[in-house]
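Here is a short briefing to read alongside the structure.

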Amino acid sequence: MDKITTKKKRKDRKQIWAILFVTPNIVLFLLFFVSPAFVGLKYSFTNYNGLMKNDWIGLQNYIELFEDSEFYAALINTVKYSLVTVPLGYVTALILALILTSKSVCGNSLLRVLIYWPTLLSTIIVGLTWKWLFGETFGLINYLIKLSGGTGIGWATNSTAAFATTVIAFVWADCGTNMLIFIGGLKQISEDLYEAAKIDGANSWKLFRYITLPELVPISFMVIMLSIISSFKVFAMVQTLTNGGPGTSTTYMIQYIYSTGFEKMRVGYSSAASLVMFVLLLILSIVQTKVNNRFSDY
Amino acid sequence: MKFFKKLFINIIIYLFVLLWVFPVLWVVISSFKNGNELFRYPLTFFPSQPTVQNYIDVWNQFDFMTYMSNSAFITIVATVLTILISAMCGFALAKYHYRWLTIVFIMLLCTTMLPSEVIMKPSFTILYHLGLYDSLWGCIIPCIGTMTGVFLMRQFFITVPDEMLDAARIDGASEGKIFTLIMLPICKSQISILTIFSFKWRWNDYIWPLLALRSKNKYTLQLALRVLSGAEAVNWTALLSASVITVIPVLVIFIVFNRQIMNAGLSAGVKG
């Protein structure tokens, strides 16, 4: 009898320790994830402006949102941004990974380090670096264009040019991580597969097309999902680089949410936009988990 | 023929990498030019009279020492706390088998779906009500709970054999003792990976300082840079040298821990 109680006591104590170990993370989770989510949801049904107006207005914010051309512009810009940066980043990272794992390149690891290094810079620094290069009158790039006989490009005044600067800066800052993931994936592919194919007379394009690419499918998927999510989250870098301009041509979702919420103080309205954004991200995450699970079955 | 092909690939990739790091080099080179030369046509590549005056100016004009120590305080405290709570949580998730722990795990996984950028205003409300507004702790506490850290630790502790814990239990060690004296020391390499990433995240963080800090003397380096660059007439002379100063600590960490960083990136694809 006594033995059983001590055993039970010890079991209880173990459970108490388990609770203690996870408590900090749970508290933080409730404070900085669950409660902001609910507060945001509540705001989205009000006309809260950060001060006193705080009336329940039902779905009015959402109705207004779907008639707001600025919101559509931000949403379309973000999707467009994703559609351009993700494939570009994917191809760049994959090509770099292939070259930097090939045996014919000398000093592979140094080159990898140099490609990876921009990912450690803060978004603000990335924005500043490219702003300095893309300066209209003082930037090096326009200077080089003029030297070779062209006319300088209005990087800050032409909307296509401004869009291009945000794309270049993003791919540059994001590529290193993806390249490393690809290199990790390439190392996992068994040499035997290549050897066997070579004996069958496959050339290097065929090796890539029929072995490398199919073997990389799960990793490719992960890279694409991660890139989509990070392109959706782009904020401080673009704020520094173009500040959303000219007009709204480089205003992306987070920038839009920030400026309506903090600058125009339309908290309720901005929260409604956040919720739409959240739903989009949620769908992406669910797709990602679903597909990841399928791949991990193999 | 094969030799030339190899040479060709090497030349191309070296040129490409040079182009890749060039933007940063250009900022560094420019930061040593004096204010006139910076905007004088034709542009010079190397500074004609290299000067550190910009650095001295920016150091004196702006309260850089304060910004830097704020950034350092946030980074160090947040990193220590992140490691501690991630290890605790990861250990519990890996080594105890209660049904409610699975629910905890799934709940924590949800956090990866809602980035803090999306809920900035409500987060601000919470910060404000917790009395963390305009305090450096407002940039620490909200971000020490990271799923990346918990996951990293959990994956490691799963590989630790249960017998190791049972042996210690038979010797009468409490669970807390097992964790601090046996488990923490064996996850050194996980701790170093998390240290590096947490350092990068917190040093480069912009969102939480933007939300939490108001007084100038509490600014972090990133926030100061943003304020400098958001001015009507951008003071590039100050900005360039300020950027270089801000990057140096990250560069040092990167050089020292280069191997761990590249390996961690390879295996986990840690994003933050």
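From the N terminus on, the elements of chain A run α-α-α-α-α-α-α-α-α-α-α-α-α. That is 13 helices and zero strands. The model is predicted. For chain A, the mean pLDDT is 88.

**Domains and shape of chain A**

- Chain A is divided into domain 1, residues 1-43, and domain 2, residues 60-297.
- The centres of domain 1 of chain A and domain 2 of chain A are 38 Å apart, taken over C-alpha atoms.
- The radius of gyration of chain A is 25 Å, whereas a compact globule of 298 residues would have one near 19 Å.
- Along its principal axes, the C-alpha trace of chain A spans about 70 × 65 × 30 Å.
- Of the 298 residues of chain A, 40% count as buried.
- Among contacts in chain A with a separation of 6 or more, 70% join residues 24 or more positions apart.

**Contact between chains A and B**

- On the chain A side, 70 residues are in contact with 65 residues of chain B.
- Helix α1 (residues 2-43) of chain A gives the most to that side, with 20 residues.
- By class, the side of chain A that touches chain B has 50 nonpolar, 17 polar and three charged residues.

**Confidence**

- In chain A, 97% of residues reach a pLDDT of 70 or more.
- Confidence in chain A is highest in helix α3 (residues 69-101), at a mean of 94.
- It is lowest in helix α13 (residues 267-297) of chain A, at a mean of 83.
- Where pLDDT is low, the predicted coordinates should not be read in detail.

- Met265(A) is not a glycine, yet it has a positive phi of about 60°.
- Met265(A) is found in the loop between α12 (253-263) and α13 of chain A.
- Met265(A) counts as partly exposed because it has 15 C-beta neighbours inside 10 Å, and a buried residue needs 20 or more.
- Asp134(B) has a positive phi of about 60° and is not a glycine either.
- Asp134(B) sits in the loop between α6 (120-129) and α7 (147-158) of chain B.
- Asp134(B) has 13 C-beta neighbours inside 10 Å, so it counts as partly exposed; an exposed residue would have 12 or fewer.

Note on methods. Residues numbered from 1 in each chain as written. Chains lettered and ligands numbered in written order. Predicted model: local features only at pLDDT ≥ 70, side-chain atom pairs only at ≥ 80, totals over all residues. Domains from an automatic or database assignment. Contact = placed C-beta atoms within 7 Å. Helix = DSSP H or I, 4+ residues; strand = E, 2+ residues; numbered from the N terminus. Nonpolar A, V, L, I, M, F, W, Y, C, P; charged D, E, K, R; others polar. pLDDT = per-residue confidence, 0-100. Rg over C-alpha atoms; globule rule 2.2 N^0.38 Å.
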